[in-house]
Amino acid sequence: MIPVTTLKDRKVALFGLGGSGFATARALIAGGAEVTAWDDNPDSVAKASAEGIRTEDLHGIDWSQHALFVLSPGVPLTHPKPHWTVDLARAAGVDIVGDVELFVRERRAHAPDCPFIAITGTNGKSTTTALIAHILKSAGYDTQLGGNIGTAVLTLDPPKAGRYYVVECSSYQIDLAPTLNPSAGILLNLTPDHLDRHGTMQHYADVKERLVAGSDVAIVGIDDSHSALIADRVERAGVKVVRISRRSVVADGIYAEGTRLVQAGGGAMLPFDDLDGIQTLRGSHNAQNAAAAVAACLAVGVSADDIRTGLASFPGLKHRMQPVGKRGRVVFVNDSKATNADAAAPALSSYDRIYWIAGGLAKAGGITTLAPYFPRIAKAYLIGEAAAEFAATLGEAVPYEISGTLERAVAHAAADAERDEAAASAVMLSPACASFDQYKNFEVRGDAFVSHVAALDGMTMLIGPATGEK
């Protein structure tokens with residue numbers, strides 16, 4: 001835990017008692033703050049009270065006596081309209097922050113020089129975050145991984161010299177972190193997302209820009225127009241900018257030519273590494289993720305050799321295009337996180353011959369946008385409620401069967417792939433659907449896929465069935 005000592009003996013109001021909210025309340029109390037917490041869910045309030053956290057309806061507190069208001073990132077700050085607590089705090093002139101802001105204040109107070117890498121972007125940020133942390137850990141650095149990737153940042157070990165922080169930041173977290181100042185800040189890309197919470201694409205982009213604008217080194221993907229303009233603006237403001245691209249040559253940064261990463265600077269273009277053969281970094285989207293990771297690790301002093309070693313041994317992010325087993329020429333890939341067609345596209349674009357397991361609870365639009373990838377699919381195995389709808393979309397373009405269950409789909413796909421004479425093929429769970437018709441969530445669905453794969457005869461597992469770790 002990181003005790004929030006910068007608010008010792010000060011009164012702090014807190015709203016939102018989910019996982020990160022509880023962690024924040026504990027960290028504030030551990031640092032000596034006087035916390036008053038609340039939530040719209042009575043069960044969360046009761047749980048906090050039972051743990052000894054002071055709770056009170058924030059309608060009734062004297063806001064003028066509070067030094068700060070800490071808001072959960074899941075609670076609306078601006079759109080579609082500010083939460084009622086936001087209105088009360090603003091009326092009293094109380095600053096509104098989130099847990100990432102508390103972290104950066106503690107870092108500044110206790111170890112301002114400890115390396116801090118922050119990652120944001122519409123797509124790829126979890127993989128990039130995990131990849132950077134893996135490179136650092138494999139090189140022997142004391143590495144703390146947290147933020148939006150699933151570990152509340154204030155549950156990490158306290159800042160100290162030589163400790164490296166790798167923190168994934170959502171737009172909501174950035175919006176609540178006004179003094180965010182990473183050693184290296186990464187903006188991977190921007191496409192329309194979360195506009196219900198940001199109102200417009202421009203406001204969404206403006207929020208994301210704050211992360212790199214406050215960085216010592218700003219690493220920006222320039223393959224979309226919003227991000228390219230941000231790179232130019234931040235550079236004009238005096239920030240050192242390293243541009244990354246999977247589509248274009250850059251003059252100063254890291255770019256991808258197919259599977260090769262090239263380091264550019266000072267007029268030179270030098271090969272840095274080749275991702276060919278690294279199963280967990282297949283596809284042009286992962287070339288961008290790797291380019292960002294390389295740039296960030298170089299920025300905080302990691303050697304090129306240590307970076308290459310880390311890239312080669314990256315185990316992948318669980319449930320995201322994760323190779324989990326191999327039998328002969330067939331690799332088995334868990335992409336259960338692909339809960340809609342757009343999310344399934346990167347995996348389908350990364351393999352040439354696919355035995356595709358798809359289906360579940362369909363999203364609007366189904367799989368029609370995946371038609372450009374249909375020539376890569378040797379056969380589809382359809383499961384769950386979406387099976388009939390997906391069968392109609394595939395029509396005569398792709399051979400398919402309605403398998404019904406994941407267990408049957410894995411067995412049939414594995415048998416068909418084994419008979420395939422192609423040099424290499426993939427049995428891939430990339431459902432393009434939510435899981436809720438058959439599974440509690442995509443994690444449970446992915447774990448079930450791994451278990452069914454592990455039960456096949458002659459399998460060489462690349463991860464542990466229970467943990468998903470290499």
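These legends go with several close-up views of one predicted model. Residues are numbered from 1 along each chain as its sequence is written, and side-chain values use heavy atoms, leaving out hydrogens and water. Because the model is predicted, local features need pLDDT of at least 70 and side-chain atom pairs count only at pLDDT 80 or more, while totals for chains, interfaces and linings use all residues.

**View 1. The largest nonpolar core holds 50 residues.** A nonpolar core is a set of buried Ala, Val, Leu, Ile, Met, Phe, Trp, Tyr and Cys residues joined through side-chain atoms within 4.5 Å. Here, buried means under 20% relative accessible area, exposed means over 50%, and partly exposed is in between (1.4 Å probe, protein chains only). Look for L28 and L102, the residues with the most contacts inside this core. Helix α8 (residues 201–213) gives the most to it, with six residues; helices (H or I, at least four residues) and strands (E, at least two) are DSSP runs, numbered from the N terminus. Domain 1 (11–97) and domain 2 (100–313) both contribute residues, so the core lies between them; the domain bounds come from an automatic or database domain assignment.

**View 2. L28 and its neighbours.** Leaving aside residues up to four places away in sequence, L28 touches V4, L7, V12, L14, A33, V35, V70 and L102. Contact means heavy atoms within 4.5 Å. In soluble globular proteins, nonpolar side chains tend to be buried together.

**View 3. Helix α5, largely enclosed.** Twelve of the 14 residues of α5 are buried, so the rest of the structure largely encloses this helix. Among the buried ones are K125, H134 and L136. They pack against strands β5 (116–120), β6 (142–147), β7 (163–168) and β8 (184–187), and against helices α10 (284–299) and α11 (304–312). After α5 comes G140, with a positive phi near 90°.

**View 4. An open sheet of seven strands.** Follow the order β19-β18-β16-β20-β15-β14-β22, in which the pairing is mixed. Two strands pair if DSSP finds at least two bridges between them. At the edges, β19 (400–404) and β22 (460–461) each pair on one side only. Strand β18 (residues 377–383) runs parallel to β19, joined by four bridges, and L382 stands opposite I402 in β19.

**View 5. Two helices on the sheet.** Helix α14 (residues 406–419) packs on the sheet, and its direction makes about 165° with that of β18. Helix α15 (residues 442–454) lies across β14, β15, β16, β20 and β22, running at about 155° to β15. For these angles, axes are lines fitted to C-alpha atoms, for helices over the stretch in contact, and angles run from 0 to 180 degrees between N-to-C directions.

**View 6. Strand β14 and its two partners.** Five of the six residues of β14 are buried. Five bridges join β14 to β15, and these strands run antiparallel. They form a hairpin with two residues between them, and G328 in the turn has a positive phi of about 60°. Find G325: its bridge partner in β15 is F332, and M461 stands opposite it in β22.

**View 7. S425, a buried residue of strand β20.** S425 has a relative accessible area of 6%. Residues that S425 touches include R329, Y355 and A417.
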